[in-house]
Amino acid sequence: MRCPAARPGTQSGTDSGMSLVELIITVSILGVVMLAVTSVLLSSSRSEARTMRRAEIQASSRQALALMTTELRQAGADPASPALGFAGLVDGGADRIRVRADLNGDRAIQTTEPSEDVTYRFNDTTRVITRDPGTGPAPILAHVTAMQLTYFDAANQPLGPLPLSVANAARVTSMGLTITCERRDSRAITLATRISLRNR
């Protein structure tokens with residue numbers, strides 16, 4: 001038995017298609033899914049960027065701290081015979097320090113690298129720690145929010161007030177150094193160390 005032919009302009013029961021309402025619903029669902037995926041990707045990207053910035057600032061902070069520790073520890077080195085007799089700790093403040101050392105024993109304080117007269121200073125306006133080897137300051141660490149130096153005598157008693165007087169500077173046998181760095185949208189990093197002067 002033959003099925004009656006569909007009239008022109010009408011759909012047969014076997015034809016498939018989407019109504020306007022179904023199309024709108026489908027597009028809406030796809031939009032919500034795309035929005036969710038985009039949000040996850042952006043969040044992941046921001047988190048990765050923050051992690052990278054934190055790793056960078058942590059590495060640069062450790063590098064700067066290692067350099068400062070090495071040079072401060074050598075303050076007062078005077079291998080010449082007879083001794084040259086200079087002050088190893090020239091200036092001791094809360095956010096600055098100047099040290100000298102006759103590293104090569106030539107009875108002269110050199111300002112050519114490796115310098116034997118070095119000043120470290122924190123500028124809270126530019127948020128930078130600079131190193132001045134006697135030829136002018138150069139930045140060694142940025143994004144610094146605080147640098148704190150403390151000074152101790154042989155009995156491990158803190159010395160003050162700061163900046164130290166000449167008499168108190170001569171009594172310093174060790175110092176504490178704390179540096180805090182913070183970059184945009186990343187957590188602050190604080191590094192602290194205690195530096196014993198080898199030549200006291």
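Predicted model: local features only at pLDDT ≥ 70, side-chain atom pairs only at ≥ 80, totals over all residues.

Trainee: Why is Asp-117 called buried?

Mentor: Buried means under 20% relative accessible area. Asp-117 has 8%, so the label holds. The residue lies in strand β3.

Trainee: What makes the pairing of the Asp-117 side chain with the side chain of Arg-98 a polar contact?

Mentor: The cut-off is 3.5 Å between N or O atoms, with one able to donate a hydrogen and the other to accept it. The side chains of Asp-117 and Arg-98 are 2.8 Å apart in this contact. A second polar contact, at 3.1 Å, links the Asp-117 side chain to the side chain of Arg-100. Both values fall within 3.5 Å, so both distances pass.

Trainee: Which residues does Asp-117 touch, leaving out those up to four places away in sequence?

Mentor: Among them are Arg-98, Val-99, Arg-100, Ile-109 and Thr-111. Asp-132, Pro-133 and Gly-134 are also included. Touching here means heavy atoms within 4.5 Å.

Trainee: Gly-134 interests me. Where does Gly-134 sit?

Mentor: Gly-134 is in the turn of the hairpin formed by β4 and β5, with a positive phi of about 105°. Five residues lie between the two strands.

Trainee: How do you know that β4 and β5 pair?

Mentor: Pairing takes at least two bridges. β4 (residues 128-132) and β5 (residues 138-141) have three, in the antiparallel sense, so they qualify. In one of these strands, β5, Ala-138 is the bridge partner of Arg-131.

Trainee: What about β6 and β7: how many bridges join them?

Mentor: Eight, and the strands run antiparallel. Thr-178 in β7 is the bridge partner of Gln-148.

Trainee: Why are β6 and β8 called edge strands?

Mentor: The open sheet has the order β6-β7-β8. β6 (144-152) and β8 (189-196) each have a single partner strand, so one side of each lacks a neighbour in the sheet. The twist averages 10° from one strand to the next.

Trainee: Which helix lies across these strands?

Mentor: Helix α1 (residues 20-73) does, at about 15° to β8.

Trainee: Which residues have the most contacts inside the largest nonpolar core?

Mentor: Ile-97, Tyr-151 and Ile-179, in a core of 30 residues. Elements giving two or more residues include α1, β2 and β3. The largest share, five residues, comes from α1.

Methods: Residues numbered from 1 in each chain as written. Heavy atoms only, no water. Helix = DSSP H or I, 4+ residues; strand = E, 2+ residues; numbered from the N terminus. Axes fitted to C-alpha atoms, helices over the stretch in contact; angles between N-to-C directions. Core = buried A, V, L, I, M, F, W, Y, C linked by side-chain atoms within 4.5 Å. Buried < 20%, exposed > 50% of the residue type's maximum accessible area, 1.4 Å probe, protein only.
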